[in-house]
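Student: Before we start, I would like to go through this model by asking what stands behind each label that is used for it.

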Amino acid sequence: MGFMALQKCPIANCHLLGWQLEASFHETMEENEHPYTLINVIGGTNGVYEDHVEFLEKHFKLITMKEFTENKQDLSHKIKAIFMWFHKPVVDRDLLQSLPNLKVIANCGVGVDHLDLKLISSFGVKVANTPFAVSNPTADLGMALMLASARRIVEGHQIAVSPDTKCFMADWLGEEINGATLGIIGMGTIGYKVAQRARAFEMNILYHNRNRRNEADEQAVGAVYCPKLEDLLQGSDFVILSVNLSPQTQKLIGRKELELMKPTATLINISRGQVVDQDALVNALKNGVIKAAALDVTYPEPLPRDHALLHLKNVIITPHLGSATSKARHLMMRNMVESILAGVSGLPVPNEVHV
């Protein structure tokens, strides 16, 4: 249910293209310095990982926002790329106007809702993301959240370690996912990988997507297409959200949609917090409209410490862990490097995001 066209780039082809890009780049740039690339900062909460810097510096002349701000006159015309690590640095009109030779912005992760794509395109700048690097770990987390909620693992852990626990209650029960129906809203790369994993658990799979997948894809995972979102919601024991954030998906799940779900159903969100009306979700969870929720994303992040979602026992919340594995983050970084090398060399940009 993505709302922007992405240039397809299978992982194997990306790696092959990466070597071709590096070879081409070094041939053309051998006599010159590496392209100046703007980053937010090295290390810290929103900085480029320190253990990624050595690899990055083999290809780029890294310029932090602090260095750029202090020496704009000299650096403005030199910077050709922005390496955007977790939404930083912020790209706005002022920054774009100050970088006349900017060619490409490489964004980590899939979501680009924090970028004004039309504005960036008007400056002749290309944008790339890293959809294939995040698909497996995010799908893994979706399954982990579903299992954790169904089997009440967080509550179970609290009982097991509590100093007040004297015995384990025999009637403290969870639910099995084997044979249950999973509804996947957004059957893109991540949603399809969720379906592959759910198939191994012998789940029945429904999906709703802007565009129906081909018959071979459906048969491979035993998925049934629901043209109407309402049919999926009414028929699912677990509903997982895997959509891009856009005006069309803002509060896609609200009071009406929650009331269509089974009272025994669980909502799982691995997309963006704004896809769910959180006030409606709180009411649904408090009043037994649905059984539970498992959220890797909220709005804002983190939630205010007094937010009602943080104090409900039938909710699991994780701190946006979708792509948070060492392997995925390293692959994201390498994909971003490949996109920048292509962009500054005038070659097709892998995983370019189109308006």
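Student: Where is K251 found?

Tutor: K251 is found in the loop between β9 and α12 (255-260), where helices (H or I, at least four residues) and strands (E, at least two) are DSSP runs, numbered from the N terminus. K251 has a positive phi of about 50 degrees although it is not a glycine. This is a predicted model, in which local features need pLDDT of at least 70 and side-chain atom pairs count only at pLDDT 80 or more, while totals for chains, interfaces and linings use all residues. Residues are numbered from 1 along each chain as its sequence is written, and side-chain values use heavy atoms, with hydrogens and water left out.

Student: Why are α7 and α14 called roughly antiparallel to each other?

Tutor: The axes of helix α7 (residues 131-150) and helix α14 (residues 326-345) come within 8 Å and cross at roughly 165 degrees. Axes are lines fitted to C-alpha atoms, for helices over the stretch in contact, and angles run from 0 to 180 degrees between N-to-C directions. Angles under 35 degrees count as roughly parallel, over 145 as roughly antiparallel, 65 to 115 as roughly perpendicular and the rest as oblique, and α7 and α14 are therefore roughly antiparallel.

Student: Which residues of α7 and α14 meet?

Tutor: On the α7 side, A133, V134 and P137 meet A328, L331, M332 and N335 of α14, contact being heavy atoms within 4.5 Å. By class, this contact of α7 with α14 has six nonpolar, one polar and no charged residues; Ala, Val, Leu, Ile, Met, Phe, Trp, Tyr, Cys and Pro count as nonpolar, Asp, Glu, Lys and Arg as charged, and the others, Gly among them, as polar.

Student: What makes β8 and β12 edge strands?

Tutor: Seven strands form an open sheet in the order β8-β7-β6-β9-β10-β11-β12, with parallel pairing, and two strands pair if DSSP finds at least two bridges between them. Both β8 (223-225) and β12 (315-317) have a single partner strand, so one side of each is left without a neighbour in the sheet. From one strand to the next, the twist averages 15 degrees.

Student: How do you know that β6 and β7 pair?

Tutor: Strand β6 (residues 181-185) and strand β7 (residues 204-208) are joined in the parallel sense over five bridges, against a requirement of at least two. I184 stands opposite Y207 in β7. Helix α9 (residues 189-200) lies across β6, β7 and β9 (238-241), and runs at about 170 degrees to β6.

Student: Why is T266 called buried?

Tutor: T266, which lies in strand β10, has a relative accessible area of 4%. Buried means under 20% relative accessible area, exposed over 50%, partly exposed in between (1.4 Å probe, protein chains only), so T266 is buried. Not counting residues up to four places away in sequence, T266 touches S149, D237, F238, V239, M261, A292 and A293.

Student: And what makes R152 partly exposed?

Tutor: R152 has a relative accessible area of 24%, a value set against the limits of 20% and 50%, and R152 is therefore partly exposed. R152 sits in the loop between α7 and α8 (153-161), and its phi is near 55 degrees, a positive value in a residue other than glycine.
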